[in-house]
Amino acid sequence: EPRIPVPGHGAGLSRRPPGMAQQGSGAMLASGGLGFPPQNLARVVVWEWLNEHGRWRPYSAAVCHHIENVLKEDARGSVVLGQVDVQLAPYVIDLQSMHQFRQDTGTMRPVRRNFYDPSSAPGKGIVWEWENDNSSWTPYDMDICITIQNAYEKQHPWLDLSSLGFCYLIYFSSMSQMNRQTQRKRRLRRRMDLAYPLTMGSIPKSQSWPVGASTGTPCSCPQCLLVNSTRAASNAILASQRRKLYPGAVRQSSTFAGAALWPAGTGTAAVAGGTTKGEGLRVPGGAFAPSQSVPGGVPLPGLNNLNRPGTQRGAGLGARATVPPGVPALPVKNLNGTGPIHPALAGMTGILMCAAGLPVCLTRAPKPILHPPPVSKSDIKPVPGVNGICRKTKKKHLKKSKTPEDVVRRYIQKVKNPPDEDCTICMERLVTSSGYEGVLSHRGIKPELVGKLGKCGHMYHLLCLLAMYNNGNKDGSLQCPTCKAIYGEKTGTQPPGKMEFHLIPHSLPGYTDSKTIRIVYDIPTGIQGPEHPNPGKKFTARGFPRHCYLPDNEKGRKVLKLLIVAWDRRLIFTIGTSNTTGESDTVVWNEIHHKTEFGSNLTGHGYPDPNYLDNVLAELLAQGVSEATLKD
């Protein structure tokens, strides 16, 4: 996502060893032949995302400029792609984890920051595209685009893409692409666009580690600590291994996402894109260090299989069948349902195993398991101890019985001799008149009157409390602006909708002995009411119905009961601006976290999460929804 058709996916490959060119006037280029300028020269920055076929797809130049601008301001921040391309409105990039998230589906994909020569196609703003079945144009992967442009500039009449994993011929005279197996032709075009951004300094070929991990104050979350410690340990081990096994070998590439493959015992290393015979550097047992060059020999093609098209990557992995007898082939992957393991950890594990001479197979990072297996209606049961299976909310009916003055006076005690300190609402001294004097006036409330809230004891001008109440939901409750203590029954501004809850016969990760409570929220689009930010204006409701999950145990059922209370009080959702897409006047969550990922925890919104139930109880309490509410 965004979904891009895959040219030639599933088709056979026409392979040649790296470096060999087909005879004739056309061009046959070796895979992995993209050049990079010296470290002290400028580079073109291209941001790319990993699609479901294991191929890195480039964002447009305009999007890359936007990402770079955000990166300069906050290397740990988020990039809302919809701000520069309306078609990418659901997407946001988290620069800390280097992942793209889709808000409405929860889909997560790795992204990376790649670098190219300024004289290449992206540096000139040149885009090569092919015509798909919908008669629209799809850009090629960046390495293919650069290869096509190089051949075009050298005035080759044709170009063979088989070395890049595609059985296609490009004919420049007719501007067409032909499938060598089916003979089918598609139109081709060369388009001028905005040049990609330039950057200077010593930069690796690609950057896929979390950006914020090495800048400023390190993140202290368990995931980042684990990633950073793993990276440091692996670097130390690899340096030691290289000194022992390959004296004099040049440095290793700073990124790794490929596979070390065992050869068939002939001194031939299996690599994506061809074979390199005896002059190649060989790890004992046949495992190659990724992107490592050989002293006095021929550089090895990079083993970054995720950079190769899906068909070629699959062919490379087929070499695993040659593992010597008695040596286990150990898959390294981002495990489903066992915790929020960062995909980079899999790469680090691969490096460690490769350095130890073990065969490694990196699998594609799994997609989040958002929903359980299909459940028949007969298997859906009511939740034990919870009345009903559905709650609906309608438009808010304001209580007319109490005036704002009555509400404020109900929860405060007058203070005759206030201390000489600030009122934290108007920031004037309590011994002076309220800052709202002349702005707000009510009979019976003088601007110098001070009151103390009953439970917490914080003091404010009465006129200030009245102004705060009038600026809120006016539901008969007050919330202390200092400690957030709630007086009365707090209600929210959640628009009308429906909440369903029932039991399904499946278990959540970490709760294998329990069934699962499924909550389904459904809110349609509508018109904002007087309590909303823009009364009379339409609001959107993206991603509904939203499915959420709780374990069917004592604490999970308690959380469900409190969530029902919060729903009835219109506290679950509100109307505002989405933090992920930047869209305004839309339905958003209202500070009570829900688990929307059923069988994994790749997005952080799933299981296992041993602290979630306690955390959500604390969040409900902050909204005035406590266990005492259930007893009432």
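Reader: Leu 630: buried, exposed or partly exposed?
Author: Leu 630 has 35% relative accessibility, so it counts as partly exposed. Buried means under 20% relative accessible area, exposed over 50%, partly exposed in between, with a 1.4 Å probe and protein chains only. This is a predicted model: local features need pLDDT of at least 70, side-chain atom pairs count only at pLDDT 80 or more, and totals for chains, interfaces and linings use all residues. Residues are numbered from 1 along each chain as its sequence is written, and side-chain values use heavy atoms, leaving out hydrogens and water.

Reader: Which helix is Leu 630 in?
Author: Helix α11, residues 627-631. Helices are DSSP runs of H or I, at least four residues, and strands are runs of E, at least two, numbered from the N terminus.

Reader: What does Leu 630 contact, leaving aside neighbours within four places in sequence?
Author: Lys 558, Lys 561, Leu 562 and Val 565. Contact means heavy atoms within 4.5 Å. Lys 561 is 69 residues from Leu 630 in sequence, with the C-alphas 7.6 Å apart.

Reader: Switching to rings. How many aromatic pairs?
Author: The structure holds 13. Rings of Phe, Tyr and Trp (its six-membered ring) pair if their centres lie within 6.5 Å; planes under 30 degrees apart are stacked, over 60 edge-to-face, the rest tilted.

Reader: Why is the pair of Phe 166 and Tyr 168 called tilted?
Author: Their planes are at 40°, so the pair is tilted, with ring centres 6.3 Å apart. Phe 166 is buried at 3% relative accessibility. Tyr 168 is buried too, at 7%.

Reader: And what about Tyr 549 and Phe 598?
Author: Their planes are at 70°, so that pair is edge-to-face, with centres 5.2 Å apart. The pair links distant parts of the chain, 49 residues apart. Tyr 549 is in strand β30 (546-551), and Phe 598 is in the loop between β32 (586-589) and α10 (612-622). Both residues are buried.

Reader: Now charges. How many salt bridges?
Author: The count comes to 25. A salt bridge is a side-chain nitrogen of Lys or Arg within 4 Å of a carboxyl oxygen of Asp or Glu.

Reader: What does Arg 189 bridge to?
Author: Glu 129, with the closest N and O atoms 2.6 Å apart. Arg 189 sits in strand β13 (185-192) and Glu 129 in strand β8 (126-131), 60 residues apart. Arg 189 is partly exposed at 29%, while Glu 129 is buried at 4%.
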